[in-house]
Amino acid sequence: MSWSGVRPTRARGVFGTRTSVIVCGIIAVAIAVFGKAEASIFDTARAKLSDMTGPALLEVRAPLIAFERWIDSVGTIFSVYRENIELRKENAELRKWQDVALSLENRMQRYELLLNSVPDIAPPAVTARVIGESNRPFVRTMILNAGTDQGVTKGQAVANERGLVGRIYLTGKSTSWVILLTDVNSRVPVVIEPSMRRAILAGDNTPAPLLDLDLGIGAASTGDRVLSTGDGGLLPAGLPVGVVMGEGNELRVSLFAATAASDYVRVVDYVVPPPPSDPADVSPAVAGAKRPVATATAVARPAGVIRKAPTLPVDTARAAGSNVEEDR
Amino acid sequence: MVDLLSLNFSRFSAALLPVGSAILLTILVNLPVSLMGGLFPAPILALPAIYFWALVRPDLMSPFAVLFIGVLEDLLSGGPPGLWAAGFLAAYALADRQRDILAGLSGAIALFGFAAAMLLASATAYILTWIVYLRWPALAPLLLANVVTVMFYPLIALPLGWLHRRVVGATRGDA
């Protein structure tokens, strides 16, 4: 069998071809250097290209996804019996945990009521459809059918029903590009439960990103849960990310969100709460006199802003005695 | 007169086929789907087409066309601009310098020829990433993409060979 068994045609003027190769090579290197220095030019071109091709991508995706699922289903036919047994066992186990979770949720609600805890406000989100995926050696991205027209901006967190998927890094008018947690350029601050150790989740184009533990203090071991943190003002705190796996110094995170299965995602419009303009508003003495004391969760601080973080007084004894209904 | 016009049109269309096929493959591989559950990186499908036409019809696959296809690949895949453009040009240069040897390879041996070009393209993109971004990207996904692309080469080269014999080759000026 011959794949190239044909007589090659000589290009006219071999020296000219080689000169052209050198010239084009220089142009390519210049594009690479310029692309780093002036990334916005290429980003704008890319965003316009995805805006133009967005509707077509949406149409093309449906049959391709159906085909992809059919291919997947062929592979799972042989393991469906074993999976069914495993799922039954898992389901029985989860039912027990559901009872525990409901009981704990109930207890948590009573504690929050007693402490007059400030409830976590769910940030507004835009639900977008995934219209493109790119799994390449140098980049792992998704394209969404929501852009600046829908309020999507660069840096916003993207999550599916299971957990954090990535962050928006490029926005067009009606499309946006997501840098996935697995991408080699992705760096996301996370917190490891239960030790609450801070770490950086660093993608390396493998399905399980690395945990960079250089900065944090505390234990981190296999099976620990990993959540997003508001540190640096990048992401909303508390989005589930995955569980720790591996041993020794090279710990990785098995992600909850399987990006290949994401059809719809939420783009979370997280804004760091602004610091109060009137210092009297946060003074413990004044606050205590004005209103019942509240227990608050940590407030994220924007990156690069060195400022005394606004603190809310925490006094459980007084809070327990206050009229908790007054603030609600 | 009409025959002359239609002959010119068919020659013109045939001349566009090499670049057109590479662009089509670039678009195809960047379609919004990740077969195999995203476990393997997508192949760099434009490279088999560039390599094939650089061997058999370099007059119809100019370095400037290769540059354009590379930039298109970078733009569509969302990767840093210029990396695959430089990589494709390196593979093109190899095909240009070793045309007699590489074009003479057939069967499974032809795979090694393409594998060498693919490896050179990847190495160029990899080193350029380090030079520009001062960071070594992960090697494993790149090598995996190399393997996947080399496996796709026969699937691309066979229809391109047919196109060359039936459509493009027939209008060759010096044939």
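A residue is buried if 20 or more other C-beta atoms lie within 10 Å of its own. The exercises below use this definition on a predicted model.

**Exercise 1.** State how many helices and strands chain A has, and what share of its residues is buried.

*Solution.* Step 1: chain A contains five helices and twelve strands. Step 2: chain A has 328 residues, and 30% of them are buried. Step 3: take the contacts in chain A between residues at least 6 apart in sequence; 60% of these join residues at least 24 apart.

**Exercise 2.** Describe helix 3 of chain A: its span, its burial and the residue just after it.

*Solution.* Step 1: helix 3 covers residues 80–115 of chain A, which is 36 residues. Step 2: from first C-alpha to last it reaches 49 Å, close to the 52 Å expected at 1.5 Å a residue. Step 3: apply the burial cut-off of 20 or more C-beta atoms; the count of buried residues in helix 3 of chain A is zero, and the helix is hardly covered. Step 4: Asn116(A), just after this helix, has a positive phi of about 55°.

**Exercise 3.** Work out which parts of chain B touch chain A, and what kinds of residue they supply.

*Solution.* Step 1: the contact involves 62 residues of chain B and 54 residues of chain A. Step 2: helices 2, 3, 4, 5, 6 and 7 of chain B each supply at least two residues to the side that touches chain A. Step 3: helix 7 of chain B gives the most, with ten residues. Step 4: sorted by kind, the residues on this side of chain B are 39 nonpolar, 16 polar and seven charged.

Key: Residues are numbered from 1 along each chain as its sequence is written. Chains are lettered from A and ligands numbered from 1 in the order in which they are written. This is a predicted model: local features need pLDDT of at least 70, side-chain atom pairs count only at pLDDT 80 or more; totals for chains, interfaces and linings use all residues. Two residues are in contact if their C-beta atoms, placed from the backbone, lie within 7 Å. Helices (H or I, at least four residues) and strands (E, at least two) are DSSP runs, numbered from the N terminus. Ala, Val, Leu, Ile, Met, Phe, Trp, Tyr, Cys and Pro count as nonpolar, Asp, Glu, Lys and Arg as charged, and the others, Gly among them, as polar. The expected span of a helix is 1.5 Å times one less than its number of residues. A residue is buried if 20 or more other C-beta atoms lie within 10 Å of its own, exposed if 12 or fewer, and partly exposed in between; C-beta atoms are placed from the backbone.
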